[in-house]
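Here is a briefing on how one chain folds. It covers sheets, helix packing, a salt bridge and backbone exceptions.

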Amino acid sequence: MKDNKIKIEKRLQNMKKFYIKAAKIIDNLPDVIPEKIKSTLKDTILGDKDLKKLLEGVDSHRPPKIFLIGRTGVGKSSLINALCGSYIASVSDTKSCTENAQSYECKKDGRTLMEIFDTRGIAESESLNDTISAEEMLINQINEFSPDVALLILGCTHRDDINSDVEFLKKAADRYSEINKVRLPIVVVVNKCDEMAPSRLKEPEKYSENKINKINESVKHYKSIIIKNGLKIDNIIAVSSLIEWQTPDGMEIDVDCIKNLPQCDIDNLKISFDGRYKIEELLDILEEAILDFEAQIGLRMASRLESVVRRFAKHLTNIFIGISATVAATPIPISDIYILIIVQSILVCLIASLSGRDISIETAKEFILSMGGIAGAGYTFRILAQQASKLLNLIVPVTGSALSSSIAAIGTSSIGKAAIAYYIDGKTIEEAKKNLENIKKEKNIS
Ligand SMILES: Nc1nc2c(ncn2[C@@H]2O[C@H](COP(=O)(O)OP(=O)(O)OP(=O)(O)O)[C@@H](O)[C@H]2O)c(=O)[nH]1
Ligand SMILES: [Mg+2]
């Protein structure tokens with residue numbers, strides 16, 4: 001795991017290094033490309049705000065701060081473990097192990113993955129002195145913690161009375177927006193959905209239709225209470241955080257016995273049964289809800305070690321789709337398909353660098369060509385369409401550039417996907433090409 005993380009961070013750094021070199025690469029393009037175009041390319045690629053932000057995030061991510069509110073035993077600590085895919089928050093079966101409210105850092109291999117403020121909600125909190133109510137005290141503590149997102153955790157089968165927690169969260173959110181001048185993102189998590197009947201079905205892929213319907217009903221029930229109380233939430237989702245653990249030597253261990261293990265065993269617990277349901281979807285929701293970009297990347301780095309590289313590559317593709325659409329819409333004196341190939345080659349180089357490989361712009365161009373490139377019928381069609389649309393542009397400006405840009409965007413999107421398949425997922429050229437053919441068919445491009 002540790003090695004893996006270092007490797008991934010190295011790959012991200014690799015991508016950054018390539019980006020820094022991009023200006024030089026563009027300068028060194030053959031002389032047939034006029035300087036003016038080179039500088040337009042540089043401005044468009046190096047000046048892209050989203051791309052800059054993404055690359056800055058490689059260095060400046062920070063652990064997301066998560067405020068958890070939910071009754072004892074609803075699975076707050078388990079949810080954190082489920083999100084991170086490792087045992088980092090202590091889970092208790094027998095007695096609750098978190099106090100009134102607690103803030104702690106989730107660490108793995110000496111790194112802080114998340115900062116947590118954990119509370120059992122207002123109904124289970126008591127004031128520690130007479131001058132300040134338990135509610136007021138909690139609200140102050142929450143604001144001091146300054147969370148990136150609040151998670152209200154409910155039990156799928158409990159049907160708890162959640163009115164007091166919802167009311168409390170409303171007050172806490174109001175105070176938060178008064179102080180921070182931004183809304184507190186709130187996500188509601190209906191946990192333990194594996195326990196919904198038939199509860200013997202623990203493997204997410206084996207959930208029956210009947211079980212899923214019941215889970216959805218529970219979500220609907222909670223949602224109606226939240227709406228009735230006027231609490232504004234970002235999203236609500238039903239999940240299961242169920243993970244069973246084993247020691248590094250393969251011994252299955254009950255959650256309430258974990259605390260008796262030596263620390264080195266606790267640090268190296270492995271998943272023996274993975275009953276997690278919709279945790280990936282919850283991560284997507286959290287990523288969307290968290291407003292701070294550095295915390296967003298931090299969440300990705302904490303939780304999606306395996307998929308972080310692919311997500312970066314997808315994000316890069318999306319950014320380059322925008323860039324190629326801009327390039328296609330810019331009137332340029334030489335065949336814009338050539339410029340488009342340079343833009344796409346830079347994207348391919350960046351994606352390859354994410355896989356740990358340094359490839360030249362020439363190799364990237366060859367990759368694009370091997371995908372059916374400019375010699376293929378698809379590209380001939382595109383060149384014609386591009387030139388025709390440029391012509392059209394003279395007569396009906398908006399329609400013309402929109403057509404041209406959308407063709408450029410589809411081309412870049414498919415090249416991005418093919419590069420991810422080949423460089424990151426380790427597919428063969430033939431398989432990557434097949435994917436691309438399918439996309440073309442889907443989009444109706446010959
Ligand atoms: N089946 C199932 N059990 C779960 C799930 N989430 C948590 N549990 C179990 O519920 C019990 C309590 O979980 P915790 O994560 O300690 O709950 P908590 O909300 O942190 O509790 P406190 O720290 O006491 O507030 C443990 O036995 C967990 O293994 C789940 O999604 N499915
Ligand atoms: Mg707990």
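The notes below go from conventions to sheets, helices and local features.

This is a predicted model, in which local features need pLDDT of at least 70, side-chain atom pairs count only at pLDDT 80 or more, and totals for chains, interfaces and linings use all residues. Residues are numbered from 1 along each chain as its sequence is written, chains are lettered from A and ligands numbered from 1 in the order in which they are written, and side-chain values use heavy atoms, with hydrogens and water left out. Helices (H or I, at least four residues) and strands (E, at least two) are DSSP runs, numbered from the N terminus.

**Six-stranded sheet**

- Strands of a sheet pair through backbone hydrogen bonds, either parallel or antiparallel. Here, two strands pair if DSSP finds at least two bridges between them.
- Six strands make an open sheet with mixed pairing. Their order is β2-β3-β1-β4-β5-β6.
- The edges are β2 (101–108) and β6 (235–238). Each has a single partner strand, so one side of each lacks a neighbour in the sheet.
- On average, neighbouring strands in this sheet are turned by 25° against each other, direction ignored.
- β1 (residues 65–69) and β3 (residues 111–119) run parallel, joined by five bridges. Within this pair, I69 stands opposite T119 of β3.

**Helices on the sheet**

- Contact means heavy atoms within 4.5 Å. Axes are lines fitted to C-alpha atoms, for helices over the stretch in contact, and angles run from 0 to 180 degrees between N-to-C directions.
- Helix α5 (residues 134–145) lies across β1, β2 and β3. Its direction is at about 165° to β3.
- Helix α9 (residues 279–289) also packs on the sheet, where it touches β4 (149–155), β5 (186–191) and β6. The angle between α9 and β5 is about 165°.

**Three-stranded sheet**

- A sheet of three strands is open and antiparallel, in the order β8-β7-β9.
- β8 and β9 stand at its edges with a single partner strand each, so one side of each has no neighbour in the sheet.
- β7 (residues 243–246) pairs with β9 (residues 270–274) over four bridges, in the antiparallel sense. Bridge partners include I243 with D274 and Q246 with K270.
- β7 also runs antiparallel to β8 (residues 252–253), joined by two bridges. W245 has I253 as its bridge partner in β8.
- β7 and β8 form a hairpin with five residues between them. In the turn, G250 has a positive phi of about 90°.

**Helix–helix packing**

- Angles under 35 degrees count as roughly parallel, over 145 as roughly antiparallel, 65 to 115 as roughly perpendicular and the rest as oblique.
- The axes of α2 (residues 35–46) and α11 (residues 308–329) come within 10 Å and cross at roughly 150°. The two helices are therefore roughly antiparallel.
- The crossing of α2 and α11 is right-handed. A crossing is right-handed if the near helix is turned clockwise from the far one by less than a right angle, and left-handed if anticlockwise.
- On α2, the contact uses L41, T44 and I45; on α11, it uses F320, I323, T326 and V327. By class, this contact has five nonpolar, two polar and no charged residues.
- Ala, Val, Leu, Ile, Met, Phe, Trp, Tyr, Cys and Pro count as nonpolar, Asp, Glu, Lys and Arg as charged, and the others, Gly among them, as polar.
- The axes of α10 (residues 293–303) and α11 come within 9 Å, crossing at roughly 140°. That makes α10 oblique to α11.
- I297, R300 and M301 of α10 meet V308, R311, F312 and H315 of α11. By class, four residues are nonpolar, one is polar and two are charged.

**Salt bridges**

- The whole structure has 17 salt bridges. Each is a side-chain nitrogen of Lys or Arg within 4 Å of a carboxyl oxygen of Asp or Glu.
- One salt bridge joins K16 and D59, with the closest N and O atoms 2.4 Å apart. K16 is in helix α1 (residues 2–27) and D59 in helix α3 (residues 49–60), 43 residues apart.

**Backbone exceptions**

- Most residues other than glycine have a negative phi, and most peptide bonds are trans.
- S146 is not a glycine, yet has a positive phi of about 55°. S146 sits in the loop between α5 and β4.
- The peptide bond joining A197 and P198 is cis, with omega about -5°. P198 is in the loop between β5 and α7 (209–228).
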